[in-house]
Protein chains: 2
Amino acid sequence: MQNHLQNDDTIVALATPQGVGAIGVIRLSGLEAINMANAVFHGKDLTKQESHTIHFGTVRDQDKVLDEVLISLFKAPSSFTKENVVEISCHGSNYVIRQIIQLLIRKGARPAKPGEFTKRAFMNGQFDLAQAEAVADLINADSEASHQAALNQMRGGFSEEIKHLREELVHFASMIELELDFGEEDVEFASRNDLKQLIDKLLVAINGLIKSFDLGNVIKNGVPTVIAGKPNAGKSTLLNALLNEERAIVSDIAGTTRDLIEDEVIIGGVAFRFIDTAGLRETTDTIEAIGVERTEAKMKQASLIIYLFDLADTDAVEINREINKLENAGVPFLKLGNKLDKAQGGMVEKLQQQHPDMLFLSAKDPEQVEKLKERILELINLDKFKRGDTVVTNIRHYDSLLQTRNSLMDVINGIDNQVTNDFVAMDIRQSLHYLGEITGEITTDDLLANIFGKFCLGK
Amino acid sequence: MQNHLQNDDTIVALATPQGVGAIGVIRLSGLEAINMANAVFHGKDLTKQESHTIHFGTVRDQDKVLDEVLISLFKAPSSFTKENVVEISCHGSNYVIRQIIQLLIRKGARPAKPGEFTKRAFMNGQFDLAQAEAVADLINADSEASHQAALNQMRGGFSEEIKHLREELVHFASMIELELDFGEEDVEFASRNDLKQLIDKLLVAINGLIKSFDLGNVIKNGVPTVIAGKPNAGKSTLLNALLNEERAIVSDIAGTTRDLIEDEVIIGGVAFRFIDTAGLRETTDTIEAIGVERTEAKMKQASLIIYLFDLADTDAVEINREINKLENAGVPFLKLGNKLDKAQGGMVEKLQQQHPDMLFLSAKDPEQVEKLKERILELINLDKFKRGDTVVTNIRHYDSLLQTRNSLMDVINGIDNQVTNDFVAMDIRQSLHYLGEITGEITTDDLLANIFGKFCLGK
């Protein structure tokens, strides 16, 4: 990652979503951005205006007016990409937007590739690779937890931690390299014991990050959840109770209604993604059916299984038998007694005694469903996240951390087996490489293409 | 329409389309817009910044960062609504957008109704009603012609013409009103002959505008077009030839692909909307089928009927018989001989002699389809539009013009029948009322609600 000169290849794209809206914003970035905008703009001379100012006028194709627009100017390096950037805010008509982009292309701009603005920002040192990736995560975030994780990462929290680890390792690496320069003289600038201690310290930190991915992954993608139970235990009622409340909250603010992912529920700021268990639902009229291959696969995808017992039509003996069979099958699950209002006298007390972790409620009563939500949140254990600890949410980072760990283990093994310095140095360099991949000190064209190709156009 | 004070009711809405994109723009308008933005913004003190400047910082809900944003400031009256306006350019995440809007609502902003920003611009004298309506037309424009018509109207061309007519009439109205003040004295400030001459002049202009609506309507909504002919005459081939070319042009610029209205083709900048003639297509295996009620209705919707004759499998006698029957049915149509490449020798020459307006081509040959396009454009006669004459595209304006015409006829009849001054004055006032409705000098809450309610949210 180094400071590049401003790109004389000027790119253009629509930065706002496709579709008809009040306004659309077209973004230009590159050395010629301001000149190109000026060439089609009728109003003030844009080349003579300050950065961070807005100008009203018309965009014209020769003498034909295409639209009345507002032009925002950002002069290098005070812009997102650190290049000259112009944002043209025009009427949100597909026709107008297409005409203006086509006109700018005729004036020499090139249609931007997906993520190309963010890639330029990265190449020009605006932020590191992990931060750039967080921009995409932020745009796709649909719950408080995923939003907060992306924002923390975008604002550099995660990068700081990785950079700090890397710097410590770099120091030792340089010592070892120095020893190599002395060749046969058998000096030891870097104490092997100190190095091992450092690596142990690094491994603790890296193991913590690797472990945090379990949480980070569910924060980012939602907690895969299954609601199971015999027919008529109240599975749909429970799901609807969870879904409906969310929908009510969402439709509260006119015009901001979001496209709900089917069967996704936000509880306490965390997304719970209900896996389609059509198969499961149909085959679980006997507990034995959990053994069915297809259903087992569904269960394995789930981080959380809520198993409903029907307190109205089942007695305590039957429920105990059901629980035993499930526990014998080795499937961890949350025991939930439903239809509390219709339970036979004494039954709940008895079950509670036998299963202290069992929850009882009536899925029809919103207040009682709250109890379930609290329990669910306890189960996924957000404390780490709430403490502000760094959480790994990106599978690429997770992979790099695993590789780093392997290389660091190799270093320790090397020292223990008294291999020569050059092998130790190589393993340390390898660790540095993997850590550097996370923040982008080390990149390849393929890696960048892969990361930025997943961005939306105009970003 | 008068100059209102700045509204202390500050409104907020997303101004860009719904959906995930690189950026979203949230718009605030009203007295408190800048203060409200400042209350959630962490960066420079926005209340101390100049109009038309842009500021980078974070939006925070207490100490929780919601996003990194750019804030654009527009101070009253130098804004779209002539009120204080703030545009918050944030990451295009539904979650972020919803959080920021909810936060601003908690700070006292109110969710804007559809079109409310434009309504405020109108109420505050930024433009008149016809211009405000053109904003919505501009956003929905999907062809060069409809875009140009909307833009001309938005930039005031049509309003000028109406205002000019109205001013002339106001002058005479005041004369007549003056006469009324003199009551029985029988003075005549306004010569009845001059008044009749003026009204004749006005009627010529208004009739011209009324007539222009035929063109304006097809410019705005597309020319309703039917492709007819016997089975295998090449109807689908022709439609596909017209559609495919358009699609190729449209998908030329990555990321700006528009949602094509099914079976809409832009020819020479004008939209041609192909009416679903499934019924027609199936029943026209004999010309008599055109008489079928359902099919006739389709035909009546069409401004343009392209009737295909199969030159390969039909001889000149049969084609002549077909043409005669169609002409007897009183349906105007464009005669198109298809499959020119397979026509029998001498047949085309013969038909051309009998029907000089008949066109011959092979629908499979793109170059030959061009000939058809040229002819179609001739038929809808865009000259008036191209000359820059004012064209009425809005059915509300059309209705008001018809009403104005009726009232003006009443004035003339009144004068001819020597009715008393107060009746003449009343009819003139009525004409002024109808003309005033077009540009919004005369409005009612219902009218405004009706017009702005059709706008999209955030406009």
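A polar contact is a pair of N or O atoms within 3.5 Å; within protein, one atom must be able to donate a hydrogen and the other to accept it, and residues adjacent in sequence count only if both atoms are side-chain atoms. The model is predicted: local features need pLDDT of at least 70, side-chain atom pairs count only at pLDDT 80 or more, and totals for chains, interfaces and linings use all residues. Residues are numbered from 1 along each chain as its sequence is written, chains are lettered from A in the order in which they are written, and side-chain values use heavy atoms, with hydrogens and water left out.

**View 1. The interface of chain A and chain B.** Here 59 residues of chain A are in contact with 59 residues of chain B (contact: heavy atoms within 4.5 Å). The two chains bury about 5,200 Å² between them, 63% of it on carbon and sulfur atoms. Buried area is the accessible area (1.4 Å probe) that two parts lose on being put together, summed over both. Across this interface, 15 residue pairs are in polar contact, both residues at pLDDT 80 or more.

View 2. Helices (H or I, at least four residues) and strands (E, at least two) are DSSP runs, numbered from the N terminus. β5(A) gives the most, with nine residues.

**View 3. A salt bridge between the chains.** B:E144 pairs with A:K64, the closest N and O atoms being 2.9 Å apart. A salt bridge is a side-chain nitrogen of Lys or Arg within 4 Å of a carboxyl oxygen of Asp or Glu. The count between chain A and chain B is four.

**View 4. A:K335 and A:D357.** Their side chains meet in a salt bridge (3.1 Å, N to O). A:K335 lies in strand β12 (334-338) and A:D357 in the loop between α12 (347-354) and β13 (359-360), so the pair ties together parts 22 residues apart in sequence. A:K335 is buried at 6% relative accessibility; A:D357 is partly exposed at 39%. Buried means under 20% relative accessible area, exposed over 50%, partly exposed in between (1.4 Å probe, protein chains only).

**View 5. B:K220 and B:D137.** This salt bridge spans 3.2 Å, N to O. It links helix α7 (192-221) to helix α4 (129-140) of chain B, 83 residues apart. B:K220 is partly exposed at 28%, whereas B:D137 is buried at 14%.
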